[in-house]
Amino acid sequence: MRRFLLSAVAALATVSAVPIASAQTLKVVMHSDVKVLDPIWSGAYITRNHGYMLYDVLFAMDEKFQVKPQMFDTWTTSEDGLVWTFKLRDGLEWHDGQPVTAEDCVASLKRWAARDAMGQKLAQSLQEYKVVDPKTFQIVLKEKFGAVLEALGKPSVVVPFMMPKRIAETDPFKQIEEYIGSGPFVFKKDEWKPGEKLVYTKFAKYKPRSEPMSGLSGGKVVSIDRVEWVWIPDAETQVNALLKGELDMLEAVSTDHLPLVEKDKGVRVIKGRVSNQYAFRPNWLLPPFNNEKVRQAAALALNQEDFLQANIGDKRFWQTCKAMFTCGSPLATGAGMAGLVEGNAAKARALLAEAGYDGTPVTLLAPTDLGVIKQLGPVAKSLLERAGFKVEMVSMDWQSVIVRLAKKVPVSEGGWNAFSTSWSQVDILDPLMTPFLIASCDKARAGWPCDEELEKLRDRYVKAATDAEKKAAATAVQERAIRVVTHVPLGEWFGVSAVRSNIGTLNPPPPVTVFWGVTKK
């Protein structure tokens with residue numbers, strides 16, 4: 001404890017030692033420290049945010065969830081939908097002064113596709129990437145892939161960030177060692193102090209698009225010369241530093257600290273525009289959740305309001321929602337969800353009896369160190385036990401949870417039966433990008449759903465060409481997924497950030513914390 005307090009004091013001293021004197025310098029505490037700098041190698045949200053600082057993207061998603069060109073000037077599609085031709089904008093330049101080329105983009109897409117589920121689906125339909133000239137390349141398909149733009153404009157993990165060819169040719173399963181982008185900020189690696197601070201400076205040669213900023217698309221206009229991500233591990237110390245004016249912004253404020261922050265007239269609270277979805281994930285490999293009816297009983301037993309009230313509390317920042325692709329999104333639907341996640345213990349108990357549940361314990365992993373999800377485990381335990389499950393909750397820090405989730409062994413050898421987590425809305429907008437919907441058995445994410453019919457329905461979405469076809473395919477995916485129970489949506493919550501009153505930000509805020517469009521008086 002003494003070591004932790006000294007660390008927090010030292011971190012605050014680092015903030016205080018350099019007063020905020022320049023109107024062009026922004027000091028921020030993000031939601032986490034940055035451990036990994038390669039946003040293709042790592043799926044961590046903080047690494048994704050770091051990526052948006054220095055890398056640009058080919059397409060970007062606007063505030064209406066529409067994909068818009070970002071690095072491209074023009075793009076065309078052949079009549080048969082198999083040849084997509086893209087031309088880069090004029091004036092794109094890497095931070096080292098070299099021009100951005102089509103070869104750079106092709107190399108970047110190849111590395112991204114090796115690590116991203118949506119990229120892997122695109123690769124299955126790909127015949128070749130063809131470089132036409134220094135600014136033009138083609139994606140040539142062997143079969144139609146209706147989500148080409150959605151894949152290239154993927155807004156969250158894993159984002160297809162563009163890198164110079166020499167860097168993008170790094171083995172996708174090894175981390176890059178050079179951090180050169182063409183985005184609005186330059187990463188100052190020489191000023192990086194792991195566990196303390198990251199520094200970004202304005203890229204003077206960045207050429208914004210002419211369109212207004214919208215979501216993550218449009219002109220990335222930078223008004224700040226320097227952005228410093230300062231890491232302070234203690235939440236109370238973070239809040240105190242903001243209230244004293246030693247920080248300009250906190251990316252994430254817990255609802256416990258909101259009353260204190262909202263009382264200060266020098267601080268403005270910002271509710272995130274996009275939601276986050278809690279989800280319960282069963283392990284299909286081990287009993288009792290290798291039985292479909294037992295998984296269905298869990299979906300009946302769980303109750304969204306209990307999870308949301310326990311973890312968020314303040315009704316302003318949560319909502320019940322049975323749509324797997326999230327409420328308010330283009331593919332939102334409640335199909336197949338009637339009667340589920342309403343805490344019906346009697347129906348769940350009856351289904352358990354029908355399934356022949358023999359009292360096999362559910363080993364439930366519960367992280368203790370992430371405030372926004374730490375109550376998911378205790379609530380799930382209570383609701384499942386009420387329905388007749390026997391539950392053994394194993395509490396541990398989130399990093400230990402991640403390590404254990406990779407194990408496919410029996411519980412007696414370190415395996416697990418279930419856990420709960422949270423996904424950002426921009427990671428679960430359709431059947432391809434939603435990680436928990438992959439049902440390819442051993443190749444799926446931890447939980448390892450194995451359902452050939454669901455994979456066929458996801459492939460149907462791949463081939464859908466019109467919005468109506470995509471909506472119909474997505475609805476079919478959701479109905480099948482909830483029937484076999486790949487996962488159970490537990491409701492939605494909204495993040496809260498706070499800034500000093502002299503800081504101007506985009507309104508509505510983008511789905512990812514970015515620092516173009518931010519001003520300081």
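Where pLDDT is low, though, the predicted coordinates should not be read in detail.

Next comes the inside of the protein. The largest nonpolar core takes in 163 residues, and Leu-58, Phe-137, Trp-229, Phe-280, Phe-389 and Phe-515 have the most contacts inside it. Helix H3, spanning residues 102-115, gives the most to this core, namely seven residues. Phe-389 makes a handy example: leaving aside residues up to four places away in sequence, its partners include Phe-289, Val-294, Leu-352 and Tyr-357.

Then there is the second largest pocket, with a volume of about 670 Å³. A set of 22 residues lines this pocket, and Gly-146, Leu-149, Glu-150, Asp-467 and Lys-470 are the closest to its centre. Helices H5 (148-152), H14 (452-463) and H15 (467-484) each supply at least two residues of the lining. Sorted by class, the lining has 12 nonpolar, four polar and six charged residues.

Lys-470, one of the residues closest to the pocket centre, is found in helix H15. Lys-470 counts as buried because its relative accessible area is 9%, which is under the 20% cut-off. Beyond four places in sequence, Lys-470 touches Gly-146, Glu-150, Leu-331, Tyr-461, Ala-464 and Ala-465. Among these, Gly-146 and Glu-150 also belong to the group closest to the pocket centre.

Definitions and conventions:
Residues numbered from 1 in each chain as written. Predicted model: local features only at pLDDT ≥ 70, side-chain atom pairs only at ≥ 80, totals over all residues. Heavy atoms only, no water. 1 Å grid on protein atoms, 1.4 Å probe; cavity = no way out; pocket = protein on both sides within 12 Å on 5 of 7 lines; lining within 4 Å. Points joined across faces, edges and corners; volume = space filled by probe spheres on them. Helix = DSSP H or I, 4+ residues; strand = E, 2+ residues; numbered from the N terminus. Nonpolar A, V, L, I, M, F, W, Y, C, P; charged D, E, K, R; others polar. Core = buried A, V, L, I, M, F, W, Y, C linked by side-chain atoms within 4.5 Å. Buried < 20%, exposed > 50% of the residue type's maximum accessible area, 1.4 Å probe, protein only. Contact = heavy atoms within 4.5 Å.
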